[in-house]
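Please read each point with the model in view.

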Amino acid sequence: MRRTKIVEVLKSEETGKEFLVKGWVRTRRGNKQVNFIAMNDGSTIHNLQIVADVEKFGEELMRRINTGASLAVVGELNQSQGTGQNVELLAKKIEVIGDCDVNEYPLQPKKHSLEFLREKAHLRFRTNTFSAIARVRHAMIFAVHSFFSSKGFVNIHTPIITSSDAEGAGEMFQVTTLNLDNIPKNDDGAIDFSKDFFGRPTNLTVSGQLEGELAAMGLADIYTFGPTFRAENSNTTRHLAEFWMIEPEMAFYDLNDNMDLAEEFLKFLIRYALDNCADDLNFLSNRLKEEEKNKKADEKSMELIEKLKFVLEDDFVRLTYTEAIEILRNSKPNKKGQFKYPIEGYGADLQSEHERYLVERHFKKPVILTDYPKEIKAFYMKLNEENKTVRAMDVLFPQIGEIIGGSQREENYDKLVARMEEMDIPVEEMWWYLETRKFGTVPHSGFGLGFERLMLFVTGMGNIRDVIPFPRTPKNAEF
């Protein structure tokens, strides 16, 4: 008999039919006559109830059926006599595939803190919370590829090892094969990178954007979806050292085209989650309510499903950075000193509290901010005609602030070189990037969506370490 996944058994209406299921025991309860085993195989948030006749299987076997043990069960599907499930499996054969010592197994049937489960990342997939997050994550990965494929985009694998710093941030992980106990030096005492594997300093990438632009100059519409790395010594709930980025680049797109695509993309992803992850989202919504039940009303998060629909049901408001600054400067929180970072005027770098105010309290809609001062944005963003602002765009969501950052790219060779020199970007090392502006240059645009930032929004989780299977953070590279 072939194994049937529990999600399919629970959907089945073929009562009286035999099924083979395999999975892990969540709980076992009952009496000397009958035991009820809750079993899960990761295919659904819901458990399958196994009804086992104790006399038939013997107490010795039943004692081995502990939380965490793995089983293979052949049984007949029946309408459930109890509450909490529509169907149950009346066991005919039970095999313990893998025993589990109840005294050592750390995931007992009780509530565990998220901090504790991070220390048990090798086992936390077996919990309801993390199995739900994993399934939603998979659905979002599938939705990303579905969206771009349906629009004729080409997926490009950009390099993980690079010699360029796309953002000019400098917080990068170095890649080397040099012997750290005996580093070769030049006569002037500097490290001799000619002896290294690549013959030059290299790092883990912070973005696939620059290489993505190169591909867009021949393929028109491309996207990358890969790992990126930041050596930022930050232990906040929003930072990881290793995370995944989605970065489309489009030839012949201006800033308005870019904003249209970003809005369409985000709405597609959220609609896909609502349509395909209902059980998991409902579970995660209830988890969030339970976690916040003792908070004051104004401290509680927006209900998860309501928050997702909030994005779908409204057109995104579009306004310039200058307009946003005026709104913030004249807002009650700013005038009453309630912002942690007061807004004094033009040039301020907006923080999450400002972004959330615009979305949640002022407009009560998602917001796209455009035309930022050039001083606070990257070198590759196209200058506006007044030479003070750039054609940047940030998409702002409730409770999370910025979820997408992008821009129209500077396609003019001379302007790009001048901007790079102004910001101390090494022009000679970036010859390959500049050449695309010499040979058939075109207007083009793109944006970046941090995948884990999206996952925080869609799942309602509060810490980014809980939406990636194995988080990499300062002093933490276990598993």
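Which residues in helix 5 meet which residues in helix 7?

1. The model is predicted. In helix 5, Ala139, Met140, Phe142, Ala143, Val144, Ser146, Phe147 and Phe148 form one side of the contact, and they meet Leu261, Glu264, Phe265, Phe268, Leu269, Tyr272 and Ala273 in helix 7. By class, the residues of this contact comprise 13 nonpolar, one polar and one charged.

2. The geometry of this pair may be stated as follows. Helix 5 spans residues 128–150 and helix 7 spans residues 255–276; they pack at an angle of about 135 degrees, and their axes are 9 Å apart. Because of that angle, helix 5 is oblique to helix 7. The crossing of helix 5 past helix 7 is right-handed.

3. Strand 1 (residues 18–30) pairs with two strands, strand 4 and strand 2. Strand 4 (residues 70–79) runs antiparallel to strand 1 and is joined to strand 1 by seven bridges; Leu20 stands opposite Val74 of strand 4. Strand 2 (residues 34–40) is likewise antiparallel to strand 1, with six bridges between them. Here Arg28 has Ile37 as its bridge partner, and a hairpin of three residues connects strand 1 to strand 2.

4. Is Gln399 buried or exposed? Its relative accessibility is 15%, under the 20% limit, so Gln399 counts as buried. Gln399 is located in the loop between strand 14 (389–397) and strand 15 (401–409). Leaving aside residues up to four places away in sequence, Gln399 touches Arg238, Lys300, Ser301, Met302, Lys307, Arg356 and Glu360.

Technical notes:
Residues numbered from 1 in each chain as written. Predicted model: local features only at pLDDT ≥ 70, side-chain atom pairs only at ≥ 80, totals over all residues. Heavy atoms only, no water. Axes fitted to C-alpha atoms, helices over the stretch in contact; angles between N-to-C directions. Helix = DSSP H or I, 4+ residues; strand = E, 2+ residues; numbered from the N terminus. Parallel < 35°, antiparallel > 145°, perpendicular 65-115°, else oblique. Left-handed = near helix turned anticlockwise from the far one by under 90°. Contact = heavy atoms within 4.5 Å. Nonpolar A, V, L, I, M, F, W, Y, C, P; charged D, E, K, R; others polar. Buried < 20%, exposed > 50% of the residue type's maximum accessible area, 1.4 Å probe, protein only. Pairing = 2+ DSSP bridges.
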